[in-house]
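Here are my notes on the model you sent over. Have it open while you read, and go through the points in turn.

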Protein chains: 2
Amino acid sequence: MKYISLAHGNGGVLMRELIEDVFARILGDLLLDIESDATTLPMQGISGELMFTTDGFTVDPLEFPGGNIGSLAVHGTVNDLAVSGATPHFISLNAFIEEGLSFEQLERIITALGVAARHAGIRIAAGDTKVVRRGEGSGIYLATTGIGSRPSDVQLGTRQIRDGDCILVSGPVGDHGIAVMLARQQFGLHGDLQSDAATVLPLTRALLTFDGLRFMRDPTRGGLATVLHEIFRSTGFGIRVQARQIPVRDPVKIVCEMLGYDPMYLACEGRVVVVIDAAQANDALTSLQALELGEQAAIIGRISARDRHVVLETELGGERVLEELEDDPLPRIC
Amino acid sequence: MKYISLAHGNGGVLMRELIEDVFARILGDLLLDIESDATTLPMQGISGELMFTTDGFTVDPLEFPGGNIGSLAVHGTVNDLAVSGATPHFISLNAFIEEGLSFEQLERIITALGVAARHAGIRIAAGDTKVVRRGEGSGIYLATTGIGSRPSDVQLGTRQIRDGDCILVSGPVGDHGIAVMLARQQFGLHGDLQSDAATVLPLTRALLTFDGLRFMRDPTRGGLATVLHEIFRSTGFGIRVQARQIPVRDPVKIVCEMLGYDPMYLACEGRVVVVIDAAQANDALTSLQALELGEQAAIIGRISARDRHVVLETELGGERVLEELEDDPLPRIC
């Protein structure tokens, strides 16, 4: 088996081979140009506002049921553009590769990255690799930066949110967090729960047809609770959600009960939290449920100006304030 | 003293404080928007082709005479756009921060990054931070992706190169490589050689006024020799350079002689290698020498179709083939 050495990062012949034999061979026509210092973006047919986003990925382990760090990096950046109402077009890819990573694993990661990119309709317009010493880098870190476009009449953001708006989530929360945690095989726990990692573009496209759509966000690090806190902080409106409306898969519930995690704080990588005019919430729900990725979508609560907190109505009929995340339940999840 | 903990990367309250107290406080109005998933790029007044580039930075040590990893990350990406003939406008910033890095050092790095960004006239349009476990990450890694624009009539690239064209370098080579190496204080060596790290925009702007300009590149990893090999591989034309014309500072020469390095392969971070119509080479040289960063610019050789290699004429009057870099003389230099 072949492994990455420090010489694969030095700008010389081995680095050129790494780029050609792995990145160029696998990604093929997805790559715009890997020779130049900078690439001209083919902007023909692209109109509207240009949108820009970036993300870093350090997931441990690198591979888990439902994906790996390569697919995750594409989904993460595509989803940040999607929830902003944009269509993604181009992405840049930075890889920090640890000396000793096997070519076999690197190829699986780059293959999944290519599949995700093709699926989302984006091209890789710039790339760079660095090799770091054995022990640093945890296999591979990726950073991706995306460019998309959206029609200039799309108005989304917390500023659009009004009292009484409904809050939806597009599917069960916490699958990604628990799937990655189980893949670590700590605590003697095993399981085949799949990560929800996916591009949310089909969901956001369906939602963009509603003129009462106010805000979309993908609940990654910090989970659903963190998105609700962002809305609360930014609007000043309280939030009231019902625990029994929030979809959580049984394996996620079970692991959370065993280990004392709260699914509200667990990362998702293929879900959308939506704020929408209450008058359109049911129609939006129906649209989401008609899509494969949205079958278990649910209306989970409302913007509630008279509440001064993020309030969770518990399954037993009580209520409690959902605090902002302070300590990390599951680090290195994305 | 305050240090980065894993909780600074978890999407919760400590991470928000890190973003607000360090990144937002220091970078201020350079930051377009740090709250959204994706930012709208303000494209008013920007015309021509859009150019895109990305780079990762893993320099060890993080700080060295003449710069640190923060200024390096901005210069690297700005320079990739500059040598493509573009004006840089926006940059994204990814930071992989190691648990245990002091806030003090992080602030010095982000301060230098901000100074370099202001100097180059770019704004930071997207950012992300991840915290990795102690021992993984070597303090901090950065990845930056840049967007620039260039007039659509600019034609630069190896395809423009013709037999007989002159090759220039804008200043002494290898300063960055040796400055970083000395900062490691290995081999009992010390010195105050400054890195050449700088934005090369003033140089490329001056060169773009020449219609005989064919190609520009900044010789980073792999140094001048690697740029010459790229030209050779891409054009099929041989190259002939004169060792005594290539500017190398005395401290760089001395360290190279002591340790067996070859300055031709050492990284620069503020130099440009230029290929230009021989008829305009002297005027271009005069233009470069009129600039502070180009005072020691020199014509170092020619494109030479009848040579089948990259040929170096030595100071003693002989000649040798300059091989492609195989093993890394100085890893982790940028």
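1. Arg134(A) comes out at 59% relative accessibility, so it counts as exposed. Keep in mind that this is a predicted model.

2. Where does Arg134(A) lie? Look in the loop between strand S6 (123-132) and strand S7 (140-150) of chain A.

3. Strand S5 (residues 87-98) of chain B runs parallel to S6(B), with nine bridges between them; Glu98(B), for instance, has Val132(B) as its bridge partner.

4. Now strand S8 (residues 166-169) of chain A. Side chains in a regular strand alternate between the two faces of the sheet. Here Cys166(A) and Leu168(A) point one way, Ile167(A) and Val169(A) the other, and all are buried. S8(A) is antiparallel to strand S11 (residues 273-276) of chain A, with four bridges, and Ile167(A) is partnered there by Val275(A). Four bridges also link S8(A) to strand S12 (residues 298-304) of chain A, again antiparallel, with Val169(A) opposite Ala298(A).

5. How many salt bridges turn up over all chains? The search finds 43. One of them pairs Asp55(B) with Lys130(A) at 3.8 Å, N to O. Asp55(B) is in strand S2 (residues 49-57) of chain B and Lys130(A) in strand S6 of chain A, so this pair joins two chains. Asp55(B) is buried at 13% relative accessibility, and Lys130(A) is buried at 4%.

6. Arg249(B) and Asp175(B) also form a salt bridge, their closest N and O atoms 2.6 Å apart. The arginine sits in the loop between strand S10 (238-242) and helix H7 (250-259) of chain B and the aspartate in helix H4 (residues 175-183), so parts 74 residues apart in sequence are tied together. Arg249(B) is partly exposed at 31%, whereas Asp175(B) is buried at 1%.

7. Last, the surface: Glu17(A), Asp21(A), Glu323(B), Glu326(B) and Asp327(B) make up a negative patch. Glu323(B) follows strand S14 (319-321) of chain B and is exposed, at 51% relative accessibility.

Key: Residues are numbered from 1 along each chain as its sequence is written. Chains are lettered from A and ligands numbered from 1 in the order in which they are written. This is a predicted model: local features need pLDDT of at least 70, side-chain atom pairs count only at pLDDT 80 or more; totals for chains, interfaces and linings use all residues. Side-chain values use heavy atoms; hydrogens and water are left out. Patches are made of residues with over 30% relative accessible area and no salt bridge: like charges are joined within 9 Å, nonpolar side chains (Val, Leu, Ile, Met, Phe, Trp, Tyr) within 5 Å. Accessible areas come from the Shrake-Rupley method with a 1.4 Å probe; for residues, only the protein chains shown count as cover. A salt bridge is a side-chain nitrogen of Lys or Arg within 4 Å of a carboxyl oxygen of Asp or Glu. Lys and Arg count as positive and Asp and Glu as negative; His and the chain ends are not counted. The place of a charge is taken as NZ of Lys, CZ of Arg, CG of Asp or CD of Glu. Buried means under 20% relative accessible area, exposed over 50%, partly exposed in between (1.4 Å probe, protein chains only). Two strands pair if DSSP finds at least two bridges between them.
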